[in-house]
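Me: Please take a close look at how the secondary structure packs in this model. I would like one connected account.

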Amino acid sequence: MIEQLKNVWQRRELLWYIVKFQMKAEKKNKVLGFAWSFLDPLLLLLVYIVLVSYIFGRGGPQFPILLFIALLSWRWFTSSLVRSVTSVTSKVGLIQGVRFPLAILPLSGIIIGFFDWLFGFVILVPMLFIFEASFTVNILWLPVLLLVEFVGIVGACLIFAVVGTYLSDLSNILQFLIRLGFYLSPILYSVEDTVPERLTTLYMLVNPFAGLLESYKNVLIRGVPPSEYALVGVAVALVVFMVGLWYFSRNEYKLVKAI
Amino acid sequence: MVKVSELGIKFRMQKRRRSQVLDFFGEKFRNRQRPTGEFWALRHVTFTVERGETVGIIGRNGSGKSTLLRVIAGIYPPDEGTVSVDGEVSTLFSLGTGFNAELSGRDNIYLNGIMIGLTKIQIDGIIDAIINFAELGDFIDVPVRTYSSGMKARLGFAIAMHSDKDIVLIDEIMAAGDAAFRQKADVEMERIMGEKTVLLVSHNMSTIERFASTVIWLDRGAMAAMGEPKEVIEQYLAASRVKKPPPDLD
């Protein structure tokens with residue numbers, strides 16, 4: 001397992017080039033090209049603002065930024081998963097042409113997803129001023145939260161990359177799970193004003209992502225420390241990471257033959 | 001040097017997805033009445049290629065030629081026997097399968113170069129030579145999906161020839177080029193012969209005879225013959241004319 005990490009680190013230049021060229025290939029044929037990196041999250045945000053603020057008349061004055069940070073972090077997670085399912089089967093030519101650590105394939109999708117997060121964040125920063133977020137020293141927690149999320153995503157994507165190679169039905173199942181997870185996570189709403197108080201603990205324990213999302217909102221907008229339930233996210237992320245690494249290492253050579 | 005001894009590579013027959021999934025979840029789901037669906041793509045393959053030697057590999061479609069090259073490139077680990085490779089391998093993406101169709105030829109040179117373990121600086125140094133050799137001209141900056149198969153083959157061949165690795169694997173890539181390019185490719189082959197260790201898969205017997213000092217004939221995953229190019233090629237062509245009973249692999 002440690003070997004796996006070492007191999008990936010040795011080929012980090014390859015990882016970087018795959019990310020760079022993948023992003024280039026995705027944007028190349030579009031008229032607006034690179035601008036979509038900013039337009040995508042912005043349009044998504046607008047749709048939900050219309051839905052919640054205007055149609056349902058909820059959300060409160062800071063709703064756009066609370067929604068935006070949660071949406072970006074959720075999208076990083078789900079787009080990485082979606083990419084990981086086909087990450088191996090879509091690169092048959094490369095895999096059968098040269099030896100390289102296959103973990104680079106799901107990892108490249110995760111890094112592309114993180115760039116999308118960053119592009120969204122660039123838009124979020126001026127919005128934080130407009131909607132009067134409370135800036136405190138707690139903002140320093142942000143990289144820690146990102147690291148926790150990254151570790152968890154890596155583990156989950158390594159598992160999905162293996163299973164998705166054998167089972168292309170996983171894409172369909174995943175679409176459903178993502179939709180479900182979206183409504184079960186504090187993205188369109190915040191835990192304190194939606195989830196009944198007696199159920200809060202249960203809700204936060206069942207959904208490891210909830211504590212993390214609330215923590216993003218806490219440190220960036222509410223100016224308070226991360227939610228203590230983020231520790232659930234930390235624990236789950238670490239376990240998923242270890243399991244994912246172990247599972248992927250065990251199956252790497254089988255994957256090469258299965259495609 | 002490449003030393004292959006008693007090599008065996010086993011594949012799972014690609015069955016219906018559903019039973020594949022059941023297999024995946026464990027032995028106990030497997031229907032024991034059915035055959036397990038395994039087959040040996042290669043078995044009992046033993047040979048040695050000395051440094052600087054060029055070995056030709058011939059055989060019918062599906063006889064294990066490409067699989068053998070992939071084992072030497074380290075892509076498939078042996079299920080049986082051992083493979084030891086002394087030196088760095090330049091892998092040839094046969095007919096440009098390793099290219100990203102949306103990217104330009106130039107970007108693909110970088111991507112492929114990095115894949116086979118070159119650094120960006122090394123590629124910067126050889127990229128003009130590659131573009132020149134592949135004769136792509138202005139096409140080098142348009143997406144590879146617009147290339148003809150000959151253009152892709154030329155680009156793939158040019159990258160492999162300029163990558164300066166000790167061991168060069170060539171999988172039928174010269175076949176798609178036109179007459180002029182093939183002459184140029186032949187000159188290039190002669191240049192690296194003796195200097196590099198080359199394993200050359202081809203269905204073109206004159207190419208094999210011209211460059212190989214030894215020829216291996218693979219038949220349904222087994223070594224049918226190995227030796228002097230002329231002799232082995234003759235045997236192979238003779239066998240292609242009449243039906244031959246399958247060799248016993250077990």
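Reply: Axes are lines fitted to C-alpha atoms, for helices over the stretch in contact, with angles from 0 to 180 degrees between N-to-C directions. Helices (H or I, at least four residues) and strands (E, at least two) are DSSP runs numbered from the N terminus. The model is predicted, so local features need pLDDT of at least 70 and side-chain atom pairs pLDDT 80 or more, while totals for chains, interfaces and linings use all residues. Residues are numbered from 1 along each chain as its sequence is written, and chains are lettered from A in the order in which they are written.

The account starts with a helix pair in chain A. Helix H7 (residues 142–166) and helix H11 (residues 208–222) of chain A have axes that come within 10 Å and cross at roughly 165°. H7(A) and H11(A) therefore count as roughly antiparallel (under 35 degrees is roughly parallel, over 145 roughly antiparallel, 65 to 115 roughly perpendicular, the rest oblique). On the H7(A) side, Leu142(A), Leu145(A), Val148(A) and Glu149(A) are in contact with residues of H11(A) (contact: C-beta atoms, placed from the backbone, within 7 Å). The H11(A) side consists of Leu212(A), Ser215(A), Tyr216(A), Val219(A) and Leu220(A). By class, this contact has seven nonpolar residues, one polar and one charged (Ala, Val, Leu, Ile, Met, Phe, Trp, Tyr, Cys and Pro are nonpolar, Asp, Glu, Lys and Arg charged, the others, Gly among them, polar).

The loop between helix H6 (104–130) and H7 of chain A holds Glu132(A). Glu132(A) has a positive phi, near 55°, and is not a glycine. Glu132(A) is exposed, with 11 other C-beta atoms within 10 Å (20 or more other C-beta atoms within 10 Å means buried, 12 or fewer exposed, in between partly exposed; C-beta atoms are placed from the backbone). By contrast, Arg75(A), in helix H4 (residues 63–85) of chain A, is buried, with 20 C-beta neighbours inside 10 Å. Between Arg75(A) and Leu102(A) there are 24 Å, C-alpha to C-alpha, for a separation of 27 residues in sequence.

Chain A also touches chain B, and the contact takes 19 residues from chain A and 25 residues from chain B. On the chain A side, helix H2 (12–28), helix H5 (92–95) and helix H12 (230–258) of chain A give two or more residues each. H2(A) gives the most, with seven residues. The chain A side divides into 11 nonpolar, three polar and five charged residues.

Chain B has eight helices and nine strands. Of its 250 residues, 42% are buried. Among contacts in chain B between residues at least 6 apart in sequence, 75% join residues at least 24 apart.

Six strands of chain B form an open sheet with mixed pairing, in the order S5-S6-S7-S3-S8-S9 (two strands pair if DSSP finds at least two bridges between them). Strand S5 (89–90) and strand S9 (222–227) of chain B stand at the edges with a single partner strand each, so one side of each has no neighbour in the sheet. Helix H2 (residues 65–72) of chain B packs on this sheet, touching S3, S5, strand S6 (167–171), S7 and strand S8 (214–219) of chain B. The direction of H2(B) makes about 155° with that of S7(B).

Within the sheet, strand S3 (residues 54–58) and strand S7 (residues 197–201) of chain B are parallel, paired over four bridges. Val55(B) stands opposite Leu199(B) in S7(B). S8(B) and S9(B) run antiparallel and are joined by five bridges, with Val215(B) partnered by Gly227(B) in S9(B). These two strands form a hairpin with two residues between them. Arg220(B), in the turn, has a positive phi of about 45° and is partly exposed, with 19 C-beta neighbours inside 10 Å. Most residues other than glycine have a negative phi. Helix H8 (residues 229–241) of chain B lies across S3, S8 and S9 of chain B and runs at about 20° to S8(B).

The axes of helix H3 (residues 105–115) and helix H4 (residues 120–134) of chain B come within 11 Å and cross at roughly 130°, so H3(B) and H4(B) are oblique to each other. Ile109(B), Tyr110(B) and Gly113(B) in H3(B) meet Ile123(B), Ile127(B) and Ile130(B) in H4(B). That contact has five nonpolar residues, one polar and no charged ones.

Note on methods: Two residues are in contact if their C-beta atoms, placed from the backbone, lie within 7 Å.
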